[in-house]
Amino acid sequence: MNIRTDLAVESFPEERLPDAVHRKTRGKAFGITEIIIDDDSCLESLGKGKGRYITLEGGSLSRFSDDYESMISELSDELKQLVPEGEILVAGLGNNDITPDALGPQVAAKVLATRHLRDELDADEEQFLTSLRRVSVFAGGVLGQTGIETAEIVRAIVRELQPKAVIAVDALACSDISRLGTTIQLSDTGISPGSGVSNARKELSEKNLGVPVISVGVPTVVDMHTIVRSLTGRSPNKELPNIMVTPRDIDRLTERASQLIAFGINLALHPELTADDVRGLF
């Protein structure tokens with residue numbers, strides 16, 4: 001069955017793993033599944049190339065949990081494994097005017113930008129701030145708003161700033177309703193914006209940008225045809241229109257998931273900061 005999903009954990013169920021695919025599990029605040037793909041043998045059939053895909057699953061991200069600080073810490077620790085040392089560009093992908101697609105821009109608004117601090121502040125007086133890793137942040141809208149492919153904009157910024165890596169944050173699509181708004185996926189293979197909703201744009205990847213691209217996303221939509229196929233095992237009538245389904249509390253989900261991800265990114269990029277430091281910044 002052709003199940004549309006951005007999540008590697010749904011593309012590779014445990015009972016049907018190709019020889020090149022391996023699964024590991026761990027986690028406390030989240031249930032964490034890491035899928036490692038050794039080669040590109042699954043790229044054409046499933047859209048998942050060689051690399052690491054880390055899925056963090058928990059309760060609804062639209063609600064604050066008693067384990068909130070542990071969730072931030074665990075997300076940060078997982079992200080640290082993928083991010084190299086040196087200057088980082090964080091790119092928030094998506095359309096801030098469409099709530100299910102606003103995760104990237106809302107994360108970008110909460111990530112601490114520090115690239116300019118060494119030039120703007122006195123190093124002696126603000127030694128702590130000027131010692132932070134250089135991070136720049138970008139959220140430039142979508143093709144329909146700018147007339148420019150996001151990948152083209154990010155490539156131009158990378159060429160100018162020459163960061164060591166890009167962290168690209170975007171909303172995703174899933175096939176299992178239970179993962180809608182409850183799952184975070186990290187990957188070191190880049191991202192193709194819009195692929196989960198059949199609107200794939202130019203991909204952001206090391207091949208296209210020249211630097212590693214770490215993707216971070218939360219599934220905020222699932223299409224109706226995929227729901228029918230996954231629940232019944234039957235293909236729906238192709239004559240029927242397809243629609244995208246999103247949680248009814250999508251505004252709260254986007255706001256709170258973006259905060260959790262931004263806090264995790266801030267802690268991963270700036271180990272000197274504490275959770276209280278990060279919370280106090282926004």
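**A strand residue and the helices around it**

Mentor: Val90 is placed in strand S4, residues 88–92; strands (E, at least two residues) and helices (H or I, at least four) are DSSP runs, numbered from the N terminus. The model is a predicted one, in which local features need pLDDT of at least 70 and side-chain atom pairs count only at pLDDT 80 or more, whereas totals for chains, interfaces and linings use all residues. Residues are numbered from 1 along each chain as its sequence is written, and side-chain values use heavy atoms, with hydrogens and water left out.

Val90 has a relative accessibility of 0% and therefore counts as buried (buried is under 20% relative accessible area, exposed over 50%, partly exposed in between, with a 1.4 Å probe and protein chains only). Neighbours within four places in sequence aside, Val90 is in contact (heavy atoms within 4.5 Å) with Val111, Val135, Ser136, Val137, Phe138, Ile167, Ile265 and Leu269. The C-alpha atoms of Val90 and Ala113 are 9.0 Å apart, although 23 residues separate the two in sequence.

Of the 20 residues of H11, 15 are buried, so the helix is largely enclosed by the rest of the structure.

What does H11 pack against at an angle of about 55°? The partner is helix H3, residues 68–80, and the two axes are 8 Å apart. Axes are lines fitted to C-alpha atoms, for helices over the stretch in contact, and angles run from 0 to 180 degrees between N-to-C directions. H3 and H11 are therefore oblique to each other (under 35 degrees is roughly parallel, over 145 roughly antiparallel, 65 to 115 roughly perpendicular, and the rest oblique). Their crossing is right-handed, a term for the near helix being turned clockwise from the far one by less than a right angle, with anticlockwise giving left-handed.

On the H3 side, Tyr68, Met71, Ile72, Leu75, Ser76, Leu79 and Lys80 take part in the contact. They meet Gln259, Leu260, Ile261, Phe263, Gly264, Ile265, Leu267 and Ala268 of H11. By class, this contact has 11 nonpolar, 3 polar and 1 charged residues (Ala, Val, Leu, Ile, Met, Phe, Trp, Tyr, Cys and Pro are nonpolar, Asp, Glu, Lys and Arg charged, and the others, Gly among them, polar).

H3 itself has 13 residues and spans 18 Å from first C-alpha to last, close to the expected 18 Å. Its buried residues are Tyr68, Met71, Ile72, Glu74, Leu75, Ser76, Glu78 and Leu79. Asp66 belongs to the loop between strand S3 (51–57) and H3. With a relative accessibility of 84%, Asp66 counts as exposed, whereas Val90, at 0%, counts as buried. Asp66 and Ala29 are 37 residues apart in sequence, and their C-alpha atoms are 10.0 Å apart in space.

Key:
The expected span of a helix is 1.5 Å times one less than its number of residues.
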